Amino acid sequence: MENDGVARIGEDDYKATDLVKIFFQTLLEKYGNIDFVTVVVRRNTENILSKIKNAVKQVIRDDKKIKVSTYSEAFVSFLKQQAPSYYDGTVGLFDFTEKALTYYELIRYKGDDDIVYWKVNTKDYLALPLDLLSGDAGKKVCDNLLINFAKDTMTEKDYSNIILAGLGFVDSSSYREF
């Protein structure tokens, strides 16, 4: 979407923004009225966020019904909906997609004015394709990479919660030591 990419489906070419519109038109046809739409974007450049919001706006015309947010914002929003003990202090999120491992760290603290603030730090670890996990040797390598990444990232910190998300964590037997 960032570079105005085009996808070919059958004989037809579609711009990325057109595919977003078609997706939301299909949802409207299937479910009727949509009360609210939240779109979460991993690669969060202003250009992408703006393009997605404009594409959705062409289908769902009410601006108040559309929220396009970054993955970090969605992480904070999710935690705010949990019990306070779930996110009291620091929370870590390992997000292991089919392409990469990213770590999000949320720190909740009170300022001098007794207002609760949220700070999200992100760290892209490495491109770690899921097909690496297909054999025993690959699982062992991946396990060691996860252990080292956690040590590098999380040493000498106290956490109220650690979250594992993404397709890479579906089969927990792949990470015996982690």
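1. Is Thr38 buried, partly exposed or exposed? The model is a predicted one, and in it Thr38 has a relative accessible area of 46%. Buried means under 20% and exposed means over 50%, so Thr38 counts as partly exposed. Thr38 belongs to strand E3, which covers residues 37-41.

2. The overall layout comes next. The chain has 178 residues, of which 33% are buried. It contains 4 helices and 8 strands. Read from the N terminus, the order of these elements is β-β-α-β-α-β-α-β-β-β-α-β.

3. Val37, Val39 and Val41 make up the covered face, while Thr38 and Val40 make up the uncovered one.

4. The partner strand of E3 to look at is E4. E3 and E4 run parallel and are joined by 5 bridges. Val37 lies opposite Ile66 of E4, and Val41 has Thr70 of E4 as its bridge partner. Of the 5 residues in E4, 4 are buried, so E4 is largely enclosed by the rest of the structure.

5. Thr38 is 15 residues from Lys53 in sequence, and their C-alpha atoms are 9.9 Å apart in space. Asp63 is 10 residues from Lys53 in sequence, with a C-alpha to C-alpha distance of 8.9 Å. Asp63 sits in the loop between helix H2 (46-57) and strand E4 (66-70). With a relative accessibility of 39%, Asp63 counts as partly exposed.

6. Strand E5 (residues 90-96) is mostly covered, with 7 of its 7 residues buried. Thr90, Gly92, Phe94 and Phe96 point one way from E5, and Val91, Leu93 and Asp95 point the other way.

7. Which strand pairs with E5 in the parallel sense over 5 bridges? That strand is E8, residues 161-165. Within this pairing, Val91 stands opposite Asn161 of E8.

8. Phe23 is partly exposed, at 48% relative accessibility, but Phe24 is buried, with a relative accessible area of 8%.

9. Another edge-to-face pair is that of Phe75 and Tyr104, whose ring centres are 6.4 Å apart and whose planes meet at 65°. This pair links distant parts of the chain: Phe75 is in helix H3 (residues 71-80), Tyr104 is in strand E6 (residues 100-110), and 29 residues separate them. Phe75 and Tyr104 are both buried.

10. Why do the buried residues of helix H3 line one face? The residues in question are Tyr71, Ser72, Phe75, Val76 and Leu79. Viewed down the axis of H3, they fall within an arc of 145°, so they line one face of the helix. An α-helix has 3.6 residues a turn, so residues three or four places apart point the same way.

11. The last point concerns the second largest pocket, which has a volume of about 170 Å³. Its lining consists of Asp136, Lys139, Lys140, Asp143, Asn144, Ser173, Ser174, Arg176 and Glu177. Sorted by class, the lining has 6 charged residues, 3 polar ones and no nonpolar residues.

Technical notes
Residues numbered from 1 in each chain as written. Predicted model: local features only at pLDDT ≥ 70, side-chain atom pairs only at ≥ 80, totals over all residues. Heavy atoms only, no water. 1 Å grid on protein atoms, 1.4 Å probe; cavity = no way out; pocket = protein on both sides within 12 Å on 5 of 7 lines; lining within 4 Å. Points joined across faces, edges and corners; volume = space filled by probe spheres on them. Nonpolar A, V, L, I, M, F, W, Y, C, P; charged D, E, K, R; others polar. Buried < 20%, exposed > 50% of the residue type's maximum accessible area, 1.4 Å probe, protein only. Helix = DSSP H or I, 4+ residues; strand = E, 2+ residues; numbered from the N terminus. Pairing = 2+ DSSP bridges. Phe/Tyr/Trp six-rings, centres within 6.5 Å; stacked < 30°, edge-to-face > 60°. Arc of directions from axis to C-beta.
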